[in-house]
Amino acid sequence: MTKKKVVTPRWGWALTGSGHFFTECLEMIRTLDHVDLFVSKAAAEVVRMYKHDLDLPETVRIFKDTTASAAPVGNFYYNFYHTLVLAPATSNTVAKCVAGISDNLATNVFAQAGKCRVPTIVFACDTAPELETRAPKGMVMVYPRRIDLQNTDALKSFEATQVVESLAALQEAVERRRREVEPQP
């Protein structure tokens, strides 16, 4: 068996434990070529709760949160990635990113992307005083706390980090970045 050559640089995409537009994020990943998908333990739980599968194109490599040191993040040091997308990003993940805590795969890739100056797009879940979101049994209203909204605002000041607040804004940011990094015919 021959090992398939990994195309670099590539997209890095980290999933967290949010159901907020989780399905739509998976669909967006399916439209991209050459993605490394970083699945946190919480994201793996969401995949099961929402009865999703990670049936993705063969150009997508999946890294699960199984090591204490988040070993897959080492590829950020070697220019494997042109972009990191952190979507959807829970309030917990956003708070950890703002505080500089990198204790799981998603927060660790965010930290390493920042240290390696890899442009990052974050789709924060908690962006308004009230939101409608999908729970496993249907749509529900949520009311983010003041600290959640403050953390989202704080993340906007990070270097090389674009925080988007809607699915449409995420789609626009990813498409803009795709045009910047992929060769045009």
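# Reading a predicted fold, feature by feature

Q: How many helices and strands does the protein chain have?
A: Helices (H or I, at least four residues) and strands (E, at least two) are DSSP runs, numbered from the N terminus. Here there are six helices and eight strands, and from the N terminus on they run β-α-β-α-β-β-α-α-β-β-β-α-β-α. The radius of gyration is 16 Å, close to the 16 Å that the globule rule gives for 185 residues, so the protein chain is as compact as a globular protein of that length. That radius is taken over C-alpha atoms, and the globule rule is 2.2 Å times the number of residues to the power 0.38. The C-alpha trace spans about 50 × 40 × 35 Å along its principal axes, and 45% of the 185 residues count as buried.

Q: How many aromatic pairs does a search of the whole structure find?
A: A pair of aromatic rings is described by the distance of the centres and the angle of the planes. Rings of Phe, Tyr and Trp (its six-membered ring) pair if their centres lie within 6.5 Å; planes under 30 degrees apart count as stacked, over 60 as edge-to-face and the rest as tilted. The search finds eight aromatic pairs. In one of them, Phe21 and Phe123 have ring centres 5.9 Å apart and planes at 35°, so this pair is tilted. Phe21 sits in the loop between strand S1 (10-15) and helix H1 (22-30), and Phe123 in strand S5 (residues 120-124), so the pair ties together parts that are 102 residues apart in sequence. Phe123 is buried, at a relative accessible area of 0%.

Q: What about Phe38 and Phe63: how far apart are their ring centres?
A: Their centres are 5.5 Å apart and their planes lie at 20°, so this pair is stacked. Phe38 belongs to strand S2 (residues 35-39) and Phe63 to strand S3 (residues 60-64), so parts that are 25 residues apart in sequence are tied together. Phe38 is buried, with a relative accessible area of 1%. Ring pairs also link Phe38, Phe63, Phe76, Phe80 and Tyr81 into a cluster.

Q: What is the volume of the largest pocket?
A: On a 1 Å grid over the protein atoms alone, a pocket is an open set of points where a 1.4 Å probe fits, with protein on both sides within 12 Å along at least five of seven lines; lining residues have an atom within 4 Å of a point. Grid points are joined across faces, edges and corners, and a volume is the space filled by probe spheres set on the points. The largest pocket has a volume of about 200 Å³. Of its 17 lining residues, Phe110, Ala111, Gly114, Lys115 and Phe158 are the closest to its centre. Helix H3 (91-99) and H4 are the elements that give two or more residues to the lining, and H4 gives the largest share, six residues.

Q: How many disulfides are found, and why is Cys97 not bonded?
A: A disulfide is a pair of cysteine sulfur atoms within 2.5 Å. The search of the whole structure finds zero disulfides. The sulfur of Cys97 is 12 Å from the closest cysteine sulfur, in Cys125, too far for a bond. For Cys125, the closest cysteine sulfur is in Cys25, at 8.1 Å, again too far for a bond. Cys97 counts as buried at 5% relative accessibility, and Cys125 is buried with a relative accessible area of 7%.

Terms used: Residues are numbered from 1 along each chain as its sequence is written. This is a predicted model: local features need pLDDT of at least 70, side-chain atom pairs count only at pLDDT 80 or more; totals for chains, interfaces and linings use all residues. Side-chain values use heavy atoms; hydrogens and water are left out. Buried means under 20% relative accessible area, exposed over 50%, partly exposed in between (1.4 Å probe, protein chains only).
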